[in-house]
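Hello,

Here is the structure I promised to pass on to you. Please have a look at it first, and then read my notes below.

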Amino acid sequence: MDIFEIIPNHLYSIKYDEEKSTEYCRLFNDEWTDVNYLVTFFRSYPEFTENEFWGFLGNKPEKAASRVLKDAYLLERELKERADNSDNEDFPDLDDFFKPLRGKYGYSIKNMPVKGYGVMDSTFLRLYAIRLDKNCYLLVYGGIKLNDKIQNSPILRDNVFQKMDMVRSYLVEEGILDIDDI
């Protein structure tokens with residue numbers, strides 16, 4: 001496992017040993033920008049685009065894929081703008097973007113698990129990170145949320161908590177408590 005800087009002093013991304021790229025690149029350069037991947041993904045889960053959570057899509061994988069493409073572009077821009085705001089001590093910043101990931105993690109202070117959402121209304125996109133310092137985050141995982149809760153959303157259910165726990169343990173083992181330790 002390695003850590004790579006994405007936006008200097010603000011956004012880092014984990015790269016898992018078994019993966020060819022960082023989580024950030026997996027999302028923004030591969031999955032969330034690949035129409036074929038997205039259409040196939042949504043075709044694999046038709047029951048979710050028909051439910052009351054995403055029913056407005058009318059079970060149209062192409063429509064869902066189009067929303068993800070647009071939202072991913074806007075989200076990447078939003079992260080960069082908020083990082084710039086963080087540099088200039090302007091608002092909204094990255095601390096305003098990421099929200100605590102409660103539930104299992106309660107009210108963790110050190111290496112606090114957080115989540116961020118896509119920019120569009122009714123967004124599928126989710127980012128999961130660890131807060132390292134003020135306006136400084138380590139991206140751990142991201143994905144497409146298909147239901148009201150992580151536990152009810154395939155793929156997220158199987159990955160978010162597992163990866164969050166694995167990275168938090170790695171940070172403790174490596175003595176990484178904040179940005180100065182990277």
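Going along the sequence, the elements come in the order β-β-α-α-α-α-α-β-β-β-β-α. That gives 6 helices and 6 strands in the protein. Please keep in mind that this is a predicted model.

On overall shape, the radius of gyration is 16 Å, close to the 16 Å that the globule rule gives for 182 residues, so the protein is as compact as a globular protein of that length. The C-alpha trace spans about 50 × 35 × 30 Å along its principal axes. Of the 182 residues, 51% are buried. Among contacts with a separation of 6 or more, 54% are between residues 24 or more positions apart. The accessible surface is about 9100 Å², and carbon and sulfur atoms account for 47% of that surface.

Now to the empty space. Rolling a probe the size of a water molecule over the atoms shows where such space is left. The largest pocket holds about 180 Å³. It is lined by 14 residues, and those closest to its centre are Leu101, Lys115, Ile150, Gln151 and Phe161. Strand S4 (112-117) and strand S5 (125-133) are the elements that each give two or more residues to this lining. By residue type, the lining has 5 nonpolar, 2 polar and 7 charged members.

A few spots in the backbone deserve a look on your screen. Most residues other than glycine have a negative phi, and most peptide bonds are trans. Here are the places I would point you to.

The peptide bond between Phe91 and Pro92 is cis, with omega at about 5 degrees. Pro92 sits in the loop between helix H4 (61-87) and helix H5 (94-97).

Asn111 is not a glycine, yet its phi is positive, at about 50 degrees. You will find Asn111 in the loop between strand S3 (99-100) and S4. Its relative accessible area is 5%, so Asn111 counts as buried.

Ile155 also has a positive phi, near 75 degrees, and is a residue other than glycine. Ile155 belongs to the loop between strand S6 (136-144) and helix H6 (156-173). Is Ile155 buried, partly exposed or exposed? With 28% relative accessibility, Ile155 is partly exposed, because buried would require a value under 20% and exposed one over 50%. Beyond its neighbours within four places in sequence, Ile155 is in contact with Phe41, Tyr45 and Tyr141. From Ile155 to Lys145 there are 10 residues in sequence, and their C-alpha atoms are 8.5 Å apart.

Two more residues may interest you. Val167 lies in helix H6 and is buried, with a relative accessible area of 0%. Which residues does Val167 contact, leaving aside neighbours within four places in sequence? They are Met1, Ile14, Tyr16, Ile130, Leu138 and Val140. Asp133 is 34 residues from Val167 along the chain, and 16 Å separates their C-alpha atoms.

Ser21 is in the loop between strand S2 (11-15) and helix H1 (23-30). At 18% relative accessibility, Ser21 counts as buried, because the cut-off for buried is under 20%. Not counting residues up to four places away in sequence, Ser21 touches Lys15, Arg26 and Asp30.

Best wishes

Key:
Residues numbered from 1 in each chain as written. Predicted model: local features only at pLDDT ≥ 70, side-chain atom pairs only at ≥ 80, totals over all residues. Heavy atoms only, no water. Helix = DSSP H or I, 4+ residues; strand = E, 2+ residues; numbered from the N terminus. Buried < 20%, exposed > 50% of the residue type's maximum accessible area, 1.4 Å probe, protein only. Contact = heavy atoms within 4.5 Å. 1 Å grid on protein atoms, 1.4 Å probe; cavity = no way out; pocket = protein on both sides within 12 Å on 5 of 7 lines; lining within 4 Å. Points joined across faces, edges and corners; volume = space filled by probe spheres on them. Nonpolar A, V, L, I, M, F, W, Y, C, P; charged D, E, K, R; others polar. Rg over C-alpha atoms; globule rule 2.2 N^0.38 Å. Areas by Shrake-Rupley, 256 points an atom, 1.4 Å probe, with all protein chains shown as cover.
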